[in-house]
Amino acid sequence: MTRRTRGPIDPRLVAEVPVARRHLAVAAGLGVGMAAAVVAQAVLLANVVDQALLHQAGLHRVLPQLTGLAGAVVARAILAGLGEVAAGRTSASVSAALRRRLVDHALDLGPSWLAGERTGELTLTATRGVHAVEAYVGRYLPQLVVAVLAPAGLLCWVATADWVSAAILLGMVALVPAAMVALGRGSARRARRQWRLLSSLSARYLELVQGLPTLRAFGRAAQGRREVAASTEGLRVATMAVLRAAFLSALGMELLSGLGVGLVAMVLGLRLLAGTTGLATALAVLVVAPEVFLPLRRAGAEFHASAEGQAAADRIFGVLDEAARPRRGSSGAAARTGGTVLADPRRGPVELRAVTVRYPGRRLPAVAELDLCLQPGEHVALVGPSGAGKSTVLALLLGFVLPESGTVRVAGVDLAAMPPASWRDLVSWVPQRPHLFRGSLEDNLRLGLPTARADQLWRVVEAVGLAPLVGRLPRGLATPLGPEGLTLSAGERQRVALARCALRDAPLVLLDEPVAHLANEDHVLLRRSLSGWLADRTVLVAGHAPGLVDPDRVVAIPAGGPDHAARARPPGSQPPVDSAGTRR
Amino acid sequence: MTVSAPRRAAPSGLAAPTGTDHPGGQRRRTLRSLLAIGAPPARRLAAAGVLGSGAVLATIGLLAGSGYVVDRAALRPGLGAIAGILALVEVLAFVRAPLRYGERLAAHDAAFRALGRWRVWLYDVLEPRSPAALGRWRRGDLLARAIEDVDALQDLYLRGAVPVVVALVASAAAVSVVGLVLPPAAPLLGGALAAALLVSGSLALAASPLGEREAALRGSLSAEVVDLLQGAPELVAFGADAQALGRLRAVDDELARLHWRRSLLGGAASTATLLCAGAAVVGVLAEAVAAARGHRLAPTMLAALPLAAIGAFEAVPPVTLAAHRLGDVLAAGRRLLALRDVPVPVADPIDPVPLPGGTPELALREARLRYHPELPWALDGVSLVVAPGRRLAVTGPNGAGKTSLVNVLLRFWPLQSGEASLGGVRLEAAAQADARRVMSLVEQEAPLFAGSIRDNVTLGRPDAGDAEVAAALRAARLDAWVRTLPDGLATPVGELGSQVSGGQRQRIALARALVAGGGILLLDEPTTGLDRDEAAAVLGDVLEAAGPRSVLLVTHRPEEVEAFDDVAVMDAGRVVEFRPGGSAQGAGGNTL
């Protein structure tokens, strides 16, 4: 999370989001067009007044100018509308593109990277963060481009009409960026701090709301209420501090624009008195003068979007910069991962040789110098204390993590050389803590085999012992899951995971503590119904699954290697278990 | 996860706001409710209105004044004739910016104060409805609701109230001044201003339903992202990631389409505003030229009048923006207000009967509960008794109704029939808080709160003395571990679970229940997520620490029931087997 100080335009964003580039070009064109319309309006208006005041012209004599004035008004109005439409169009496609890249890359980074609290933060970045970038690209950046081009064009015209006014306006305009940089730096810093405060407030808020049952059970709901009030008041104070600084740049800009117009009016008045300029010129310059500052003021009003958008862009690119292994082979990715060889675990052993895995930021390896060999069709139980690296071994075989040293081979072919997605087609898996997705029970089962027929679904539902539950549901397998539908217990979730695992006709089966939440009687039932499916497959089960799998071999991973307190954990693993309170 | 999560929650979502009656009337009613709940401080809002009107009037004065200066100077009357007005122009040029700065600060401060009230309101609404109602919302949605909906309401104050007031005040002032100088120009300017406000306002209002739709989409977007990221391991392992990304993309595309339609309407509103402003300038100018020619107007006012018209239109765009954002604000507000309509499942009786203190007898008779008419009975006629000091273990497969027992006893859910009582007093006749004082809960995967270990242990009784806390820690076998921590009891527990192991978390939950001081311990799967040895150690310590208290354990691990006096086996909401133990447990007795 490096925080660089930068100019108002994030070069990376513009470089990496092509829509943003095109959009800026359109905004520039519209800005120049509007500036031309403004000059035309001013000149025509001044001409009418000049004719009427100095030459006592009547309406009929100024009719052509008035018609032209109306035309300029219409042109400007249409260009302004177009600008807004273009901004709306761009911001939507920018955010969609960024969100897609972010989530896609997060999936490439893999489940072990996503483990833990990162998911929540990433969710916030992919929703609120991308929204902030949308405002930055869609509103702020085009304003900024117009703010550079339009004043420059208008000043050039003023210079041809009256160089003294042009000099005054130029002086004021030149002060604007200086004021913006001076005042904007502080506000950008504060906005970044506010983002952190906002995240911690929302985390606190969520914790209090989600913990409400506990708070109620202990009669402390009123205390939680006070904490909500205190944290939100803290947010107000912090936000107001940010805004007092953020609005300073707007204040500076408006002061400069007000003074600019005031000074120009004074100079023009004096020059008219002295007879060194004409009314038509003076009046046109006067009408144009505030328009020189208008785009700058608009850009200034969106300045907070800049700070917030850049902070969010930082986080997004921070994720995108993490080196990842592509999940599936575009041709380039296949070349990088060494080709498209695919070995079948039915043809030869799955073999780990002296494999060491270390999660980033951890001193001790999660798995050290591990040797393990699974013959085709063999059932092996991997045992060891919690945190010994059992789940990590499964993550290795799923291709979620890569070994730091040593090799994983399947029938003699290095796993790292196989396209990960094709390899995973040969693997079925029950994670330790299965995730159930929004959608129906059926949708969740079909994750294992999207093309499953109804009779296949029912077979696995019966095999894992979910049939009585499904039978009691009026809508059966179509019952929606989740908080708005059927809430499943940990044991039932495990059954669903087992069922979707058993839907896959994969030669290698990885089971991570598959019956931890099930009673012993259930193990026997499960074994009876699943043993046929497991029989001719290679099975690696982490932890004891008495009853479900009768291992041909038990392999113990010794304790002591892995660092219990480290933060990164393999996906779905349970938190490190307290070992008798003697840690450290 | 917690005790709370109802095992079977209602499958239907929240009742959607009905769209049967007149949308305008509904909109007004929603607005009234919103302003009534989060009333911003009136003084700050008024200050913002006054400052903002001042800023617009200063702009009008600056433009018109400088136009007059130039016109006047063109006739070369000598410096004295324009010095006064020139000085006034310079003053107006200077004061406009501070006025605007003050307006912004006052309006934002008012809005954030109102938002603070909203966050507390939301908590108040959720509190009596949790866990019953809480389980109904997806986590992503809840986050969106708590943060984004409330945040969206700031525009109600910032962009709603203040700009409308400013526009009305500034328009009225501009029209009257122009009318004083040139009466026929007043209806021109007034008409153009009114037309701009009406046309652009209604165009923006037409976009308002799109805003509501967009807000709903953002909610599902958020839920989709949560699902995708939390379920990433399975999606990748089963090759279903492309499909899930496709769903996300579909939501994003729909969002983009809506955005596009909204920006079309928004662009049209801007164009309309500029056209009205242009019409006003051309019209006032033409009127002025005709009037000057007819000697009804001093020719030196020729430029000042159209320039005043330009200035007056400065107040219009903020109103358009307000109307444009109204849809978002109303959608957020309506969703928030809908929370209020979710019925509170359990209400206190008007005249609560006091519950006996100490360790009363706990009894359930023919208790029936279900979470939704379409779902099976969670408790289907359960009768159980825990005599004072006795220990009852309830076991059975998942879905048997064990956690529902806890939900009913702690009064999170009402019984449909039958009764639950403490010491012969029906729980429905007593205050909920009283029942929760008598029964202390140890949850499965107990949530810990940000704060120190001590804060968490004393959650139920913040005034507990150091000796009590120390005794509870000893009983929960946490004392040795706490002594190894550099800050001891003051050590923050950090983000849930990240710095505290599962065993420590459950021991903290036990110490918390002991300090809370209820005479009955309710243990809801207290060893979930712990390995076998750890689970046995924690449960053994719980029972030893329980002392003379009654204990009701709910567990799916049959090996855990051995140390209990009585064992009930449940299945599908019924007690299918009851194994009574020996004589009643004596006070201070120990089953280990």
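Let's start with salt bridges: between chain A and chain B there are ten of them, where a salt bridge means a side-chain nitrogen of Lys or Arg within 4 Å of a carboxyl oxygen of Asp or Glu. One involves B:R100 and A:E254, with 4.0 Å between the closest N and O atoms.

A quick word on the source: this is a predicted model, with local features needing pLDDT of at least 70 and side-chain atom pairs pLDDT 80 or more, while totals for chains, interfaces and linings use all residues. Residues are numbered from 1 along each chain as written, chains are lettered from A, and side-chain values use heavy atoms, without hydrogens or water.

Back to the interface. Chain A gives 150 residues to the contact and chain B gives 157, contact being heavy atoms within 4.5 Å. Together the two chains bury about 13,600 Å², 66% of it on carbon and sulfur atoms; that is accessible area (1.4 Å probe) lost on putting the two together, summed over both.

Now, inside chain B, how do helix α6 and helix α11 pack? Helix α6 (residues 185-206) of chain B meets helix α11 (residues 316-341) of chain B at about 25°, their axes 7 Å apart. Helices here are DSSP runs (H or I, at least four residues), and axes are lines fitted to C-alpha atoms over the stretch in contact, with angles from 0 to 180 degrees between N-to-C directions. So α6(B) is roughly parallel to α11(B), a label for angles under 35 degrees. The α6(B) side of the contact includes B:L193 and B:G201, and the α11(B) side includes B:V316 and B:H324.

Methods. Helix = DSSP H or I, 4+ residues; strand = E, 2+ residues; numbered from the N terminus. Parallel < 35°, antiparallel > 145°, perpendicular 65-115°, else oblique.
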